[in-house]
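Here are my notes on this entry, point by point. Please read them with the coordinates open.

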Amino acid sequence: MRVSLQWLRDYVAVEAAPEDLAARLTMAGLEVERTQRLGDATGVLVAQVLAARKHPDAEKLTIVTVEAGSGPAEVVCGAPNVPAPGGKVAWAPPGARLPTLGLVESRKIRGLVSPGMLCAEDELGLSDDHVGIIHLPADAPVGTDALAELRDVVFEINVTTNRPDCLGHLGIAREVAALFELPLRRPPTAVREEGGPVLDEARVSVQDRAACPRYIARVLERVQMGPSPAWVQRRLRAVGVRAISNVVDATNYVLYELGQPLHAFDLDRLIGQVIVVRRAQAGERMQTLDGVERALEPSDLLIADGKRAVAVAGVMGGVESEVSPSTRRILLESAYFDPYTVRRTAKRLGLHTEASHRFERGVDPNDGVASASLRCAALLCEWAGAKLRAGAIDVYPQRVPAREITLERAAVRRLLGVDVPPSEMARLLRPLGLDVVERETGIFARVPTFRPDLARSVDLTEEVARRLGYDRLPATLPLTARAPAASGDPMAERARDTLGACGLDEAITYGFTSLEKLAALGLSEQDPRARPVRMRNPLREETAALRTTLLPGLLSALKLNLDRGNLDTRLFEIGTVFLAREGEPLPEERRTAGVMMAGSREVWLAPAEPLDFFDLKGVAERLFERLGVPAPAWTLAPGLAPMHPGVAARVGSFGWAGEVHPDVRARFGIEAPCFFLEIDLESLSPPGPAQLVPLPRHPHILRDLSCFLDVAVPAAEVPACVRAVGEPLLIDVRVREDYRDPARVPAGKKSMLFTMTYRAADRTLTDEEATQAHERIVKHLVARLGISPR
Amino acid sequence: MSDVLAPALSELARIAEGLRSESATLRTELEIRSAQARVRRQLDEVLRVMRELPPESKKRLGQAANQVKAEVEDIVSARLRALTAEEQAADLARTVDVTLPGRAAPLGHLHPITQARRDIERIFGELGFEVATGPQVETDFHNFEALAMPKDHPARDMQDTFYVTDDVVLRTHTSPVQVRVMLRQPPPVKIICPGVVYRRDDDPTHSPMFHQVEGLLVDTNVSLADLKGVLLHFVRRFFGADFSVRLRPSFFPFTEPSAEIDLLCVFCRGQGCRTCKSGWLEIGGSGMVDPEVFRHVGYDKYDVTGFAFGMGIDRMAMLRHGISDIKLLFENDVRFLRQF
């Protein structure tokens with residue numbers, strides 16, 4: 001909400017510097033987000049136009065002779081609205097300083113030297129208006145500061161949703177008055193009633209009393225439509241509202257003054273001169289003031305006349321009953337509409353208006369609604385020469401009572417951690433309009449209905465704290481009531497540390513994915529990962545669904561890096577994937593580790609070597625080791641959808657890995673080969689503390705086995721077969737070489753080297769024993785796998 | 001007699017002399033040892049005449065031979081020593097270009113958000129807060145209703161929400177975790193809940209996904225002063241001992257009283273600058289748990305009070321590391337990641 005300091009001072013004589021005022025308001029919970037100075041110029045004078053003539057060389061320029069007390073001066077002016085002689089303008093002579101243009105100097109314009117300039121609003125920092133130069137009022141004294149009356153400071157205040165009372169200048173003024181201990185001056189509402197009773201001219205029927213607990217109508221006659229006074233227009237502009245006419249401006253003025261929205265109907269355009277407050281009928285339509293035809297629904301509350309809808313209650317008026325230059329009689333509405341009803345309709349129509357903003361938060365059904373009606377009537381009499389008919393139609397069958405709250409001193413101390421005596425509480429709360437009675441153990445308060453946020457003792461406690469100042473509360477450390485249990489996510493943290501130690505950089509990608517990216521993975525339709533949880537209101541295509549795998553996010557991250565020349569990119573991510581569950585409202589969320597690698601592996605002082613599948617597998621092996629997961633089986637999986645059919649593996653029952661299929665990576669715009677691993681961390685359980693295996697006390701003996709074997713036999717089969725022998729002296733078997741040079745290896749075969757480690761637990765092994773054990777194993781391999789030792 | 005011994009004696013001397021002059025040319029231990037063996041054979045050859053000599057001459061020749069033998073051993077060991085010294089000298093003359101890059105396995109980096117989160121967990125852990133987690137896809141009840149934000153409540157406007165269905169949302173804050181924990185266990189509760197949250201918001205200063213940490217302490221006598229003390233302790237540990245926090249009145253439906261958490265500006269230290277304007281930077285929201293929330297989770301039957309807070313992990317990481325653009329956090333450019 002924009003607040004004009006000039007306007008504010010109508011109600012509270014605050015003299016503090018704008019910055020101090022802003023700081024105090026902010027610390028009182030009314031956060032000033034921006035302070036804007038209007039008319040922040042110096043040396044600009046009120047000047048009288050003496051004469052004006054066309055510039056000899058320029059069609060659009062005028063030479064204006066002005067007088068500001070120091071003799072006539074001829075100023076070149078480009079505006080189309082130079083007033084006739086006698087009119088008054090704002091002249092910035094050389095030496096004046098303007099907010100955006102800076103120091104003004106004499107300047108040659110089309111051959112003529114112009115001593116400064118005549119100013120438009122934007123040049124003076126009053127508004128963005130640059131239509132023409134400012135016309136000052138006829139009584140402005142020549143030669144004085146032209147901005148004396150125009151200077152203002154506008155605060156943009158972020159009013160929290162619980163404080164509808166602060167959506168008008170008076171409410172802010174009440175806070176300022178309390179902060180600075182100044183009296184609050186309420187705007188006058190005295191108005192003379194003329195003519196017959198209002199009921200002779202209009203009727204109001206409220207059919208939905210829950211949605212409209214109070215409706216006040218007043219009738220004003222002999223209205224003379226026209227512009228509102230210049231100062232009113234200026235104030236409205238300062239708070240961001242366009243001046244329209246004296247009638248509309250008066251309703252807007254009261255809205256920004258008291259926070260109560262009003263509506264002026266052209267009484268003569270209300271069929272039957274009646275107002276009916278009712279719900280919309282199915283299929284009912286009306287055109288709102290913004291010119292849009294609206295389809296209404298039975299949940300919408302309407303203002304209707306004898307025949308049709310004339311306004312969406314609390315949201316926006318209709319075109320049919322709008323005031324116009326020919327309007328003579330006005331029905332002025334001031335009402336309390338149910339916040340939820342207004343909000344539902346405003347939301348459904350996508351119509352967020354100043355009125356709906358206030359009704360949604362709750363206006364004051366008592367004094368607020370009543371005094372706004374009177375105040376606006378008074379302004380219409382003053383600004384539009386209107387005559388107010390006697391009385392008001394006030395449909396208010398059930399008065400909303402003021403809330404009564406008891407606040408115990410002990411409860412305040414317990415919640416705030418500071419003791420506040422009842423007398424102090426009373427002193428703090430009274431300036432806010434609360435009626436406070438001090439008691440021995442606390443206070444009893446009657447809360448005005450313009451404060452719907454104060455309903456319980458805890459709400460009053462906050463009010464005490466707020467008035468006291470949060471900065472005056474002590475800072476204490478609570479005693480720990482509870483010893484923390486083991487917490488956090490040890491598997492995920494261990495995975496992060498390990499993958500970081502493997503030289504990978506941690507990525508965090510969005511939990512979203514686009515359907516297009518998911519489809520680009522080529523998953524089968526049966527794959528649950530191809531059926532993601534979808535957003536009903538995505539922001540962009542990229543947020544259409546929740547990811548079911550980390551692959552698309554990491555592919556996109558890789559793509560970004562490659563595009564930026566980061567050719568060697570090794571990323572990992574520990575994140576959540578989401579799998580829809582049949583018949584369950586919430587999806588399954590699984591913590592998942594993903595690895596994405598592309599580029600090359602550095603070799604010291606030698607050309608780098610391209611990364612391959614085994615760089616990826618090495619990372620996985622390290623990860624499993626650190627996670628305490630027994631080495632899982634890696635099985636070739638040619639059918640793994642997003643992967644290269646020959647370089648893809650299932651990893652145990654909880655992971656998959658491989659080279660990303662060239663088609664898939666092409667769909668992500670990636671040319672370089674890249675390798676991806678995904679591990680479902682939910683399937684793994686954190687290991688207990690490692691248990692010591694005693695160090696061997698006797699030396700071991702190594703024996704190599706070099707052999708040819710069928711290409712089709714996976715390397716892992718050999719160690720598996722070796723172990724199957726159950727040789728007690730065998731400690732370890734390792735794959736050392738896989739050699740396939742066709743010049744030296746028979747077709748269909750590969751040459752492999754294995755190293756076996758033999759050791760006895762209780763003695764130093766002899767060469768002979770090791771050889772015998774080794775021969776038994778080789779014999780077994782020959783028999784079972786058809787190897788031929790070399 | 002001396003005539004008989006003379007050729008043998010001079011031969012011995014010649015052999016020793018020969019080895020002495022040869023030794024400088026011997027470059028390896030092997031050469032030295034083979035020269036030594038050859039000399040021994042030559043000496044033996046010379047001494048073969050001893051058998052035919054009279055005892056007196058035999059004695060003289062023997063003495064002379066032993067002297068020569070000792071001399072040979074001296075020459076050999078001196079040469080070996082010299083050789084070792086030469087080798088060491090040669091080794092010490094070796095030099096490497098210390099300016100060449102080192103040979104190292106690549107170093108990985110944890111995301112600055114992870115690092116910030118871990119620090120937060122550690123600092124609150126020291127104060128006795130447990131880490132609790134909850135789902136990112138939440139029911140409307142846990143995310144809004146139980147936090148005193150019924151449907152059509154204006155406060156919902158503060159949090160633009162992604163909807164999966166009418167009743168299922170992407171959590172807009174980590175507060176639903178406190179609801180889940182309180183529904184699960186009786187007081188006291190002392191938790192922090194770090195995690196991913198989503199808002200339907202995408203502009204230069206917002207990201208549709210970001211990270212928050214929620215804190216909740218519920219016990220018999222928890223006060224706003226305690227909240228202030230805990231937050232002050234936290235920012236001093238996280239940002240540095242010369243930092244402070246300020247609580248500023250605000251409104252959240254699920255806390256009463258409510259407060260914004262402002263951190264002394266990391267850029268100007270409270271002087272007021274272009275980033276903060278006021279000398280303070282907002283890092284989160286907080287307050288005393290609203291009785292309405294206690295009612296929703298069945299805590300109204302206990303006589304307890306509590307505080308809750310929510311702070312932006314991303315925001316704190318950005319302030320700590322001088323990152324001004326939130327987009328950098330989620331682009332995953334390795335040139336960015338490798339700086340932390």
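1. Which residues is Glu221(A) in contact with, leaving aside its neighbours within four places in sequence? They are Gly195(A), Arg328(A), Arg329(A), Ala386(A), Lys387(A) and Arg389(A). Keep in mind that this is a predicted model.

2. Glu221(A) belongs to strand E16 of chain A, residues 214-221. It counts as partly exposed, because it has 16 C-beta neighbours inside 10 Å, and a buried residue needs 20 or more. Thr327(A) is 106 residues away along the chain, yet the C-alpha atoms of Glu221(A) and Thr327(A) are separated by 9.4 Å.

3. Next, the contact between the chains. Chain B contributes 71 residues and chain A contributes 75 residues. On the side of chain B that touches chain A, helix H7 of chain B (residues 224-238) supplies the largest share, 8 residues. That side of chain B holds 37 nonpolar, 16 polar and 18 charged residues.

4. Buried residues in H7(B) include Leu224(B), Leu227(B), Val230(B), Leu231(B), Phe234(B) and Phe238(B). Asp226(B) and Lys228(B) are also buried. Just after the helix, Gly240(B) takes a positive phi of about 135°.

5. Now the interior. In soluble globular proteins, nonpolar side chains tend to be buried together. Here the largest nonpolar core has 142 residues. Leu554(A), Leu558(A), Val595(A) and Phe676(A) touch the most other members. H7(B) gives the most to this core, again with 8 residues. Another core, of 129 residues, lies apart from it, and includes Leu124(A), Leu150(A), Leu167(A) and Tyr215(A).

6. What does Val595(A) touch, not counting residues up to four places away in sequence? Its contacts are Leu499(A), Leu504(A), Phe572(A), Leu616(A), Val619(A), Phe676(A) and Leu677(A).

7. One sheet of chain A is open and has 4 strands, in the order E42-E43-E41-E44, with antiparallel pairing. Strands E42 (730-739) and E44 (788-789) of chain A stand at the edges; each has a single partner strand, so one side of each is left without a neighbour in the sheet. E41(A), residues 701-710, is joined to E44(A) by 2 bridges. Phe708(A) has Ser788(A) in E44(A) as its bridge partner. Helix H18 of chain A (residues 767-785) packs on the sheet and touches E41, E42, E43 and E44 of chain A. The direction of H18 makes about 15° with that of E41(A).

8. A further open sheet of chain A has 3 strands, in the order E1-E13-E2, and its pairing is antiparallel. Strands E1 (2-4) and E2 (31-38) of chain A are the edges, each pairing on one side only. From one strand to the next, the twist averages 25°. E1(A) pairs with E13(A), residues 152-158, over 3 bridges. Arg2(A) has Glu156(A) as its bridge partner in E13(A).

9. Which helices pack on this sheet? Helix H2 of chain A (residues 18-27) touches E2 and E13 of chain A, and its direction makes about 160° with that of E2(A). Helix H4 of chain A (residues 230-238) touches E1, E2 and E13 of chain A, and its direction makes about 140° with that of E1(A).

Note on methods
Residues are numbered from 1 along each chain as its sequence is written. Chains are lettered from A and ligands numbered from 1 in the order in which they are written. This is a predicted model: local features need pLDDT of at least 70, side-chain atom pairs count only at pLDDT 80 or more; totals for chains, interfaces and linings use all residues. Two residues are in contact if their C-beta atoms, placed from the backbone, lie within 7 Å. Ala, Val, Leu, Ile, Met, Phe, Trp, Tyr, Cys and Pro count as nonpolar, Asp, Glu, Lys and Arg as charged, and the others, Gly among them, as polar. A nonpolar core is a set of buried Ala, Val, Leu, Ile, Met, Phe, Trp, Tyr and Cys residues joined through C-beta atoms within 7 Å. A residue is buried if 20 or more other C-beta atoms lie within 10 Å of its own, exposed if 12 or fewer, and partly exposed in between; C-beta atoms are placed from the backbone. Two strands pair if DSSP finds at least two bridges between them. Axes are lines fitted to C-alpha atoms, for helices over the stretch in contact, and angles run from 0 to 180 degrees between N-to-C directions.
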